[in-house]
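Work through the exercises below with the structure open beside you. Try each task before you read its solution.

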Amino acid sequence: MKYDFLDPKALTRLGSIPLEAREAMTGNVAGRHRSPHRGSSVEFAEYRKYVQGDDTRRLDWKAYARSDRYYIKEFEADTNLRAYFVLDASGSMGFSAANDSRIQFARKLAATLSYLIVDQGDAAGLYVCQEKNHIEIPPSRRAAHLNHIFEVLSNTEPVGETGLIDALHAIAEKTSQRALVIILSDLFCDTNALADALQHLRYRKHDIAVFHMLDKQEIEFNFERPHRFVDMEDNTSVVAEPALIAEDYHKAIHDFMQTVQTKCNDVHADYHLITTDQDYEKIIHNFLITRLPKKGKK
Amino acid sequence: MIVSFLQQSFLWGLLAVSIPVIVHLLNRRRHRTVQWAAMDFLLKATRESRGRKKLKYIIILTSRALAIAALIFAISRPLLGGFLGWGGAEIDTVILILDRSASMEQLVEGGDKSKRLGAIASVQKSLESLNSRRLILIDSASAIPQNVPSPDALDELSSTSPTDTRASIPSLISTAIDFISENSPGRTEIWVASDLQKSDWAPDQGSWDAIRTGLNDLPQKTTLRVLSMASPIEDNIAISILSSARSNDELVLNLKLTRSDAEGPLSIPITFSVNGTRTADQVTLIGQTYQFQKRLPLGNKEGSGYGFASIPADTNPRDNVSFFAYGDDAPTKTFLVSEGGESATWLTLASVPTGFGRGQCIELMPNKAHEIDWQGAALVIWQAPLPTGPVAQQFSRYIEEGGAAMMLPLRGESDTTFLGMQWGEQSISPQGQYFIVEEWNQNDGPLRNGMEGTTIPLPKLKAIRRKSIVGEATTLASWDDDTPFLVRRIIGDGTAIFITTLPDYSWSNLGDADVLLPTTQRMIKLGDSRFGSAFAAITGSPKSKISSGEIRSRLDTHARSVSSNAPYEAGVWKLGERLLATNRPASEDEWLVLEPNKMESLLEGTHYKLFEDTGNTDSLAREIWQALLIAMLIFLAVEAALCLQPKIKNKKS
């Protein structure tokens, strides 16, 4: 395989599980996902009274025979899904303690999921956000489009400060059709600004999924001796005695994780806290499974 | 509280205390550099950790350092106790100067042990801690250095037993310095165990300069440690017999009672023993001191006798008795060496007033002065050119041995010098004016007030002629222009006074101004006391010691003496043919204590340490290494608790 973030065996194993949208999608072609519009699928939606101008072909004559009233029988409209992968490519995404770097882990998630999406006939797009440079690949259902996504993923290197908030606002503004927005980031940004951006997406009726990516080292902070910590985004540094600050650090990062999760829950985002030492295939598997509709409910 | 160490060299190990700090600093310098993403949380944690956490880390470091310090201190074998102090452990020889004066028998407050025994016990314990170093004892009574084989034997030696002597601390320290200089006993310390009685320490004595120099000039640094037993004296009363003399069929005793607490009148029973016959009397003591006279009938007993006066037991048993002895009643002899004239008449009358006593005045011309019976004279009145040659030598010796001399100016001029004194120029008062005495010492000297406070009527004295006196002497009375009227020189045991005018109508009204008579009689009494003192001596003085061929035996029944300590005990003794009552010196009843700042000035520039023993401690020093090991364990436990706490929290999180 040309790209080291794609595993064909994993793709094969995951291929049997469809990616479902949790909200009604607005696609441009027919597909397997619910649409907010009434359509011609086999899935019954509701009866409504005939009003002048309705297509008489949609009158339910059997209902008319029973009740002498004109009813229009409506069916769900199925459409395709448009997924946006928002990849945070700030300097902090390059962090790696012992496993894959955060950006590499994000590449695996984005590439695998986009493959699966396109493979099931939906459209996948990519939005790489950095402080000063955003790369946008609009969603497309074409298989050849995947190569474009993979190429951009492959060439993206983490650098500078994050541009995630601006990117989310931009997507919310630009994307008029309902879409699935999948965020891949460490979310090291102002949590209030993040909440605003998520609210913005939610207001536009987008289905939001968040992969909050942290490193195990960042959570545990188990250093033995003094270290000089260099900021990966602006290169400032501080010498610290881990034993001295560990307790306060743990408190700060757990508060942060708690806050982010709360903010995501507030906008009904599909929040997943993951660490880069985990198996990405298992993460995707869980992601797909949890999104499947419950029995008896579409 | 001061700590000293038996293994001082291990204290170099204290440098290891810096190891935790050095390791900490090295760790900080040898930090690793890591790229870090979650910087905001790190900075926030760093900010919040500055106060409490930094303190915690400092406590951890301090605990480590203290644990090491405690270990080092423990293996250095510390001694707790202020007396030894720093450097007290590494010594080869200890020279112990033990004050065993009468005042050291004062019981320590709240205890049944005297200050002397308390000091011995404390010194024994300290010496035990020093692992049996060589001990040299210089006791205050004998002042002879002696080797003590073991500190345990200290309280069994006769040379540490109680005495009725005084202690001359300066001369004892000088003896110790001489011993060190002559014997080179290695690293030596001088320990002085004393109650710091001011009279014993004689802070005004000139020898302290030599002591300071001597201590500093010793080949090795020698520390002088003073174990102060100067606890306050309470509930103590002292009795002393000032003089005893036979007067016809009576024994006249002048006694003095002194008490430590002057709180209201106190009735004291006194037991008198005269030649084995005991009588009792009751005296009410008002104020701190009380002097009184007691006449005891002697009956028909001829010749000499002896006895004692005692009071009930109190906190110092050594000052509850005073001994006396007396001889035959004999007339006092006054020798008047005079140029003759009116002044000679007045002086004769003043020395042998009609109808008073059994005195005798022998008048001699200056060229017959060699005929003076120096041995029998109570007073020598000299109104002539100051003596020179053999007469001057005999006169000086007479005074040194306790004689009294009254010197008056000659009418003419003379440049001779006697006792460092010389008559100066003669001066005459302006017409119609007189020289008048305005100020005089009313507490001391022949012009002092009487026992009932009556003053000598010196203002009645009017002089028109006087002669100045040149030389170093104490002025006891001054003319109104501040020139001396009467000066005093004390030579040895005797006294000489110089009066600067004459009892002559062409000089002054000294003769009939009620000044000459009391002055002369007091001087006679002073000089006569040396005859009474033929039967009295201060314990430990040369007079109280036996001469060759004499054998000492105790006559009184108040107490028994061990022969080796007898020369230093008060009592009535038969020394060969001599009858002698020995008593503690009067200075032992002066309970003034040398102030620490005064001691500081006396020993300034020397290595000296002062430790006050309250009498409640069993030892001046005790080993405390066990406590330090416990302290080390506590420090390690604190360190462990502070270090482990965050890790436990991590696991929980």
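**Exercise 1. Chain B in outline**

Task: What percentage of the 653 residues in chain B is buried? How many helices and strands does chain B have?

Solution: 
- Step 1. Keep in mind that this is a predicted model. Buried residues account for 41% of the 653 in chain B.
- Step 2. Go through the secondary structure. Chain B has twelve helices and 32 strands.
- Step 3. Take the contacts in chain B between residues at least 6 apart in sequence. Of these, 77% link residues at least 24 apart.

**Exercise 2. The side of chain B that touches chain A**

Task: How many residues of chain B are in contact with chain A? Which element of chain B supplies the largest share of that side?

Solution: 
- Step 1. Count both sides. 27 residues of chain B are in contact with 27 residues of chain A.
- Step 2. At least two residues each come from α1 (19-29), β2 (32-36), α2 (39-49), α3 (52-75) and α12 (625-652) of chain B.
- Step 3. Pick the main contributor. α2(B) gives ten residues, the largest share.
- Step 4. Sort this side of chain B by class. Eleven residues are nonpolar, eight are polar and eight are charged.
- Step 5. Look for strand pairing between the chains. β8 (residues 227-231) of chain A runs parallel to β2(B), and five bridges join them. Within this pairing, Val230(A) stands opposite Gln35(B).

**Exercise 3. A six-stranded sheet in chain A**

Task: In which order do the six strands of the open sheet in chain A stand? Why is one side of β5 and of β10 left without a neighbour?

Solution: 
- Step 1. Strands of a sheet pair through backbone hydrogen bonds, either parallel or antiparallel.
- Step 2. Read the order across the sheet: β5-β4-β3-β6-β7-β10 of chain A, with mixed pairing.
- Step 3. Find the edges. β5 (134-140) and β10 (270-275) of chain A each have a single partner strand, so one side of each lacks a neighbour in the sheet.
- Step 4. On average, neighbouring strands are turned by 15 degrees against each other, direction ignored.
- Step 5. Zoom in on one pair. β3 (residues 82-88) and β4 (residues 123-129) of chain A are parallel, with seven bridges. Here Asp88(A) has Cys129(A) as its bridge partner.
- Step 6. α8 (residues 242-266) of chain A lies across β7 (207-214) and β10 of chain A, at about 155 degrees to β10(A).

**Exercise 4. Cys129(A) and the cores**

Task: Is Cys129(A) buried or exposed? Which residues have the most contacts inside the largest nonpolar core?

Solution: 
- Step 1. Locate Cys129(A). It is in strand β4 of chain A.
- Step 2. Count its neighbours. Cys129(A) has 24 C-beta neighbours inside 10 Å, so it counts as buried.
- Step 3. List contacts beyond four places in sequence. For Cys129(A) they include Val86(A), Asp88(A), His134(A) and Leu164(A).
- Step 4. Turn to the largest nonpolar core, of 80 residues. Phe85(A), Val86(A), Ile182(A) and Leu184(A) have the most contacts inside it. Helix α3 (residues 102-119) of chain A provides its largest share, eleven residues.
- Step 5. Find the other core. It lies apart and has 57 residues, including Leu347(B) and Tyr398(B).

Terms used:
Residues numbered from 1 in each chain as written. Chains lettered and ligands numbered in written order. Predicted model: local features only at pLDDT ≥ 70, side-chain atom pairs only at ≥ 80, totals over all residues. Contact = placed C-beta atoms within 7 Å. Helix = DSSP H or I, 4+ residues; strand = E, 2+ residues; numbered from the N terminus. Nonpolar A, V, L, I, M, F, W, Y, C, P; charged D, E, K, R; others polar. Pairing = 2+ DSSP bridges. Axes fitted to C-alpha atoms, helices over the stretch in contact; angles between N-to-C directions. Buried ≥ 20, exposed ≤ 12 C-beta atoms within 10 Å, placed from the backbone. Core = buried A, V, L, I, M, F, W, Y, C linked by C-beta atoms within 7 Å.
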